[in-house]
Amino acid sequence: MARAVTNRRKAIVTVAAWLIAIAIFFPIFWIVVLSFKTEGNAIKDPLEVLTSAWTFDSYATVQERSNYFRHFWNSVILSVGSTVLGLIIAVPAAWAMAFVPGKRTKDVLMWMLSTKMLPPVGVLVPIYLIFRDLGLLDSRIGLVIVLTLINLPIIVWMLYTYFREIPGEILEAARMDGATLRDEIIHVLTPMAVPGIASTLLLNIILAWNEAFWTLNLTAAKAAPLTAFIASYSSPEGLFYAKLSAASTMAIAPILIMGWFSQKQLVRGLTFGAVK
Amino acid sequence: MGRIQLEKVTKSFGEVNVIPPLDLEINDGEFVVFVGPSGCGKSTLLRLIAGLEDVTSGKIEIDGTNATELAPAQRGLAMVFQSYALYPHMSVRKNIAFPMKMAKVPQDEQKRRIDAAAKALNLTDYLDRRPGQLSGGQRQRVAIGRAIVREPQAFLFDEPLSNLDAALRVGMRLEIMELHERLATTMIYVTHDQVEAMTMADKIVVLRAGHIEQVGSPLELYHNPRNEFVAGFIGSPKMNLLKGDTARQHGAATVGVRPEHIAVSTTEGLWQGKVNVAEHLGSDTFLHVNDHGLGSEPLTVRVDGELPVKHGDTIFMTPDTSKMHRFDDEGLRL
Amino acid sequence: MVVPYPVHSEPERPLMATQHSRAAARLMISPAVLLLLGWMLIPLCMTLYFSFLRYNLLMPGMEEFTGWMNYRFFLTDPAFMDALVNTLLLVGGVLLITTVGGTLLALLLDQPFWGQGIVRIMVIAPFFVMPTVSALVWKNMFMNPVNGLFGHLFQSLGLQPYDFLSQAPLASIIFIVSWQWLPFATLILLTAFQSLDQEQLEAAEMDGAPALARFWYIMLPHLARAITVVVLIQTIFLLSIFAEILVTTGGGPGTASTNLTYLIYMQSLLQFDVGMGSAGGVVAIILANIVAIFLMRMIGKNLDA
């Protein structure tokens, strides 16, 4: 029921909500502003920063000095690659758990999630050594594998909660209609689950894009994605605020936009369907 | 064509035995209704025939060949589901075409059958819509259309009308019966509604807890129920079941009298009672009578709709003893 | 490993229980299971094995069995206690700030106001910022005593500039991480608020319950499940905070902002002491289990509902 709210009250809430939102958003706003300033202007008083001249120089410098787009491209390959690979493994598994549940299905789901509870640092050493011996250190393929595995439980869980909402009778109807298992998954299940699969894809690209334990520890220069590239700014070299801002802006912009588009499904995905 | 035989079929889920050994024969072209209260195993039985579940033991023969191990699609059966189970991402046309696409039926033959089915089911104008844009009755017709084009040995219906409103249900009931007349294909129909069973079936199979209680034509079941359960389940309103002295007078543990087999008078009769509720349906009136001294359950009687009775009236009732059903202490017909 | 997580109650759909489909299901689930099993077991066994070896990458070929020595050194190292306390403070501090702040913020955003869509987008934004970016931005653009915005602010107020990251390193990191996770808590709690049955609140109002009582007796119990989920998921991620420490303080000064993850990282990959790092890894795994069990006990009853 829509309830009449006095405009006075609505105005107060509006002011409070906007103030808090601006405060929370301000750091992001600020790096975007700084990225369009010269290094000299970027460290000035905030008011002087805002009134100083705008320039694209920092973006050009970032690319020239450190081949920014290679790292950007690495990030794209790692996040999209690991998510697509994860989906290929997870769709059949989620089909099995959602539509042919057995006595142990719950346990398997719980156990899959429990692999997420394993602190990554607990297996850092062996993974590092295995990667070193297999020549996978600082390689994209190695990181795609790791990111696939760490996000696989989340992908399976998300797909599972989406698949469970598809009535089993429809798949049975397909079976009665003569569809093989392959037909059933390709022609019936997948098209019906497109929204769920899309939001799983989106959320996992976001998670993989921002992953900053394995990407920092297993890469050096060649395969380093943006997380590692940005981390290289942690040892300052003269004036670097504008360049850092430009690099950061480019690193977060694509994910921010994807995130905004997927915020409705995000809650569901992040809570494994427990909160809708 | 379409002859289905079950031999000693059982089904257990883990420890729970849902269907005890069960034999059943369904003849070609018959309209068979499985009826029973919820949880009686009627849907499970249908799913066993469809092949959506494995039998635990026993044999299913379709048309003389052993189908026990066959996958659902290979059994030549078509099923209409309770929820219709239409593919929401496909147009009506594609929904109906799907089984033919899977069976690799040539395009022009597909088109011919779709047009024929659409014409028969009044769906011609809706072929390019999605199921989501259709009403409940139309969706039901699409589901039936999808079943028809396969030209199956038999149709299986799993409570197909339970999601429709009352008025639509009567209409669809007639349509399905007409379809059966026209195609003369075997149909197996599951419902918990005994009215549907009585009006549609050639043969009714009454189930309780996986057991077949009785198999027979609607009128056989109505006139000669084999036991108390069938007697109470078939017929509306329910048969009055009386125990104690009344039953003993007739040499039985329980006697049953249908509401329509009790004559009512305001002046004299065998039994006397007080009207608690009078349900006026127009043509008929059903009286629920208390204080009749025959037991704690109220008696239900049917009287002519013209009879002016109301709550609190005292009436006299006389059962038609020739139409009385007698049961022994195990509930079996005497 | 024990995982406190709500699993849906028994499926209501009929089981498609033919031999054929069950066999297919087993086949289709096995790649995922085998991969995860390998991912979990192989490194786990190796960690366990290394933890009983004297094994330093700088001294190859010198590996030998040393029994519990690595554990003794790791557990008696004062840095371990510091790291443990820091880990708990970090996790606890961020949880407290984000759940309390998130609840209040969600309560506010659930009211009708102008510009809800834009405010929502602004509030959720920090969650999508990669950890290295947010840590570096806060470190340089805000907390830097000379050029940071806070420095400018203090100067304009005539105060001494304050070097947050060297004088209050852990608190600063808690603040940065809270900024990243507050949106997450807010978004989930807001979703939970929106699924609250308005008629329940109206019924309580009719019954004469004042606003505070309505919040306490109706809204908060409704939120219990969502809060549980927020605590759980954040704990999983917060126990492994790494990048934020790496790019801001490097664990310092001293061990003032070193958490367990960072300590083990230093031992393994900076000092190349594989044996000791592995012993630390085993300890971290055990502690994560204890937290998991503790969480399950504490909030288990919310999850069954």
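**Exercise 1. The two domains of chain B**

Task: State how far apart the centres of domain 1 of chain B and domain 2 of chain B lie, then describe their contact.

Solution. 
Step 1. Take the centres over C-alpha atoms: domain 1 of chain B and domain 2 of chain B are separated by 38 Å. The model is a predicted one.
Step 2. Domain 1 of chain B covers 4–232, and domain 2 of chain B covers 240–327.
Step 3. Count the residues that touch. Domain 1 of chain B gives five residues, and domain 2 of chain B gives five residues.
Step 4. Sort the side of domain 1 of chain B by class. That side has two nonpolar, two polar and one charged residues.

**Exercise 2. Chain B as a whole**

Task: How many helices and strands does chain B have, and what share of its residues is buried?

Solution. 
Step 1. Count the elements. Chain B holds nine helices and 18 strands.
Step 2. Find the box. Along the principal axes, the C-alpha atoms of chain B fill roughly 75 × 45 × 35 Å.
Step 3. Look at burial. Chain B has 334 residues, and 41% of them are buried.
Step 4. Look at the contacts with a sequence separation of 6 or more. In chain B, 64% of these join residues 24 or more positions apart.

**Exercise 3. A helix pair in chain B**

Task: Are α2(B) and α4(B) roughly parallel or roughly antiparallel?

Solution. 
Step 1. Two packed helices are described by the angle between their axes and the distance between the axes.
Step 2. Read both. The axes of helix α2 (residues 92–102) of chain B and helix α4 (residues 136–148) of chain B come within 7 Å and cross at roughly 30°.
Step 3. Apply the cut-off. Angles under 35 degrees count as roughly parallel. Therefore α2(B) is roughly parallel to α4(B).
Step 4. α2(B) and α4(B) make a right-handed crossing.
Step 5. Name the residues that meet. From α2(B) come V92(B), N95(B), I96(B), F98(B) and P99(B), while α4(B) brings V142(B), G145(B) and R146(B).
Step 6. Sort them by class. Five residues of this contact are nonpolar, two are polar and one is charged.

**Exercise 4. The two domains of chain A**

Task: Which elements give two or more residues to the side of domain 1 of chain A that touches domain 2 of chain A?

Solution. 
Step 1. Domain 1 of chain A takes 1–66 + 235–247, and domain 2 of chain A takes 68–234.
Step 2. The centres of domain 1 and domain 2 of chain A, over C-alpha atoms, are 33 Å apart.
Step 3. Count the contact. Seven residues of domain 1 of chain A touch five residues of domain 2 of chain A.
Step 4. Name the elements. On the domain 1 side, they are α4 (57–66) and α14 (241–261) of chain A. α4(A) gives the most, with three residues.
Step 5. Sort the domain 1 side by class. Four residues are nonpolar, three are polar and none is charged.

**Exercise 5. Chain A meets chain C**

Task: How many residues does each chain bring to the contact between chain A and chain C?

Solution. 
Step 1. Count. Chain A brings 88 residues and chain C brings 89 residues.
Step 2. Find the top contributor on the chain A side. Helix α1 (residues 7–35) of chain A gives the most, with 15 residues.
Step 3. Sort the chain A side by class. There are 69 nonpolar, 13 polar and six charged residues.
Step 4. Describe chain C. Its secondary structure comes to 13 helices and two strands. Of the 305 residues in chain C, 43% are buried.

Terms used: Residues numbered from 1 in each chain as written. Chains lettered and ligands numbered in written order. Predicted model: local features only at pLDDT ≥ 70, side-chain atom pairs only at ≥ 80, totals over all residues. Helix = DSSP H or I, 4+ residues; strand = E, 2+ residues; numbered from the N terminus. Buried ≥ 20, exposed ≤ 12 C-beta atoms within 10 Å, placed from the backbone. Axes fitted to C-alpha atoms, helices over the stretch in contact; angles between N-to-C directions. Parallel < 35°, antiparallel > 145°, perpendicular 65-115°, else oblique. Left-handed = near helix turned anticlockwise from the far one by under 90°. Nonpolar A, V, L, I, M, F, W, Y, C, P; charged D, E, K, R; others polar. Domains from an automatic or database assignment.
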